[in-house]
Amino acid sequence: MGPGLQRALHRVAPSQDTAMHEPAGSVARHWGTTSRSYFCFTTATLAVCLVFAVATIMVLVVQKSDSIPTPPGKFPLKGGNCSEDILCILQRAPFKKSWAYLQVSKHINKTKLSWNQDGIVHGLRYQDGNLVIQFPGWYFIICQLQFLVECPEHSVDLKLELLINQDVKRQTLVTVCESGVQTKNIYQNLSQFLLEHLQVNTTISVKVDKFQYVDTNTFPLENVLSIFLYSSSD
């Protein structure tokens, strides 16, 4: 091989080596750029899909809520009157097996309260001021009374007792018309709540210390006894 040919081959050899290595770097950089572009595109697509899915769910929930009709005989809460709101809640609730809503009677002046006969009694029995259980289970009991006291020269104790089978289960005691305080009239609301498991023929009643202070004229609708079957044992 002549000297001229050898020099030619020597000059060609480095360029071949460089040609073998440079494309690898170019391919890597190209692949990295492609991977980042694909990742960004995938992330953006998933974000758009998530937003669309959430928007679709919200629209369906709103449509379902709007499409639920108000059953006949069920009324919205009136507000501003606690006892009427309690009645509305009972009328709207799903429990219908056993419930009652009674307003206090103003014609019987006794410590044991009596209730108007025209109240709502369903799945229970009313007898001599008592609600009598007909189905065993867990019952939620609510009693609310409004008192009006024309203050004498001494303090007055107001007491509300909730009884189960003549045993006091809940009671509230408040002293009003404190000595030395110049107040003509005192309006006082007392209430009690009870969740209790009751058997058949169990009786529920309410007592006060002084019936003359129960306000049956100014707020007749605020003196109520309500009960409903929360969970049946049948």
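I took helices (H or I, at least four residues) and strands (E, at least two) as DSSP runs, numbered from the N terminus. On that basis I read the elements of the protein from the N terminus on as α-α-β-β-β-β-β-β-β-β-β-β. I noted two helices and 10 strands.

**Entry: ground rules**

This is a predicted model, in which local features need pLDDT of at least 70 and side-chain atom pairs count only at pLDDT 80 or more, while totals for chains, interfaces and linings use all residues. Residues are numbered from 1 along each chain as its sequence is written, and side-chain values use heavy atoms, with hydrogens and water left out.

**Entry: confidence**

I looked up pLDDT, the predictor's confidence in each residue, from 0 to 100. The mean for the protein is 74, and 57% of its residues reach 70 or more. Where is confidence lowest, and where highest? Helix α1 (residues 3–67) has the lowest mean, 54, and strand β9 (residues 203–208) the highest, 96. I then checked residues 12–22, where the pLDDT is below 50; beyond near neighbours in sequence, this stretch has one contact in the model (contact means heavy atoms within 4.5 Å). Residues 61–80 also have pLDDT below 50, and that stretch has 17 contacts in the model beyond near neighbours in sequence.

**Entry: whole protein**

I computed burial with these cut-offs: buried is under 20% relative accessible area, exposed is over 50%, and partly exposed is in between (1.4 Å probe, protein chains only). Of the 234 residues of the protein, 31% count as buried. The protein exposes about 15,000 Å², and carbon and sulfur atoms supply 60% of it. Accessible areas come from the Shrake-Rupley method with a 1.4 Å probe, and for residues only the protein chains shown count as cover. Among contacts between residues at least 6 apart in sequence, 68% join residues at least 24 apart.

**Entry: aromatic rings**

A pair of aromatic rings is described by the distance of the centres and the angle of the planes. I counted rings of Phe, Tyr and Trp (its six-membered ring) as paired if their centres lie within 6.5 Å; planes under 30 degrees apart are stacked, over 60 edge-to-face, and the rest tilted. The structure holds two aromatic pairs. Why is the pair of Phe-140 and Phe-228 tilted? The ring centres of Phe-140 and Phe-228 are 5.5 Å apart and the planes stand at 40°, so the pair is tilted. This pair links distant parts of the chain, with Phe-140 in strand β5 and Phe-228 in strand β10 (residues 224–232), 88 residues apart. Phe-140 is partly exposed at 26% relative accessibility, whereas Phe-228 is buried at 11% relative accessible area. Phe-140, Phe-193 and Phe-228 form one aromatic cluster.

**Entry: nonpolar patch**

I looked for surface patches, made of residues with over 30% relative accessible area and no salt bridge; like charges are joined within 9 Å, nonpolar side chains (Val, Leu, Ile, Met, Phe, Trp, Tyr) within 5 Å. A salt bridge is a side-chain nitrogen of Lys or Arg within 4 Å of a carboxyl oxygen of Asp or Glu. Trp-138, Leu-195 and Tyr-230 form a nonpolar patch, with about 350 Å² of accessible area together. Trp-138 sits in strand β5 (residues 137–150) and is partly exposed, at 39% relative accessible area.

**Entry: single residues**

Thr-203 is in strand β9 and counts as buried at 15% relative accessibility. Leaving aside neighbours within four places in sequence, the contacts of Thr-203 include Asn-130, Leu-131, Leu-163 and Ile-164.

Asn-201 lies in the loop between β8 (185–198) and β9. Asn-201 is partly exposed, with a relative accessible area of 49%. Not counting residues up to four places away in sequence, Asn-201 touches Arg-125, Val-132, Ile-133 and Asn-165.

Is Lys-184 buried or exposed? Lys-184 is exposed, at 70% relative accessible area, and is placed in the loop between β7 (167–176) and β8. Lys-184 touches Val-149, Glu-150 and Cys-151, residues up to four places away in sequence not being counted.

Ser-105 is in the loop between β1 (99–103) and β2 (120–122). I found Ser-105 buried, with a relative accessible area of 8%. Apart from neighbours within four places in sequence, Ser-105 is in contact with Ser-114, Trp-115, Asn-116 and Phe-211.
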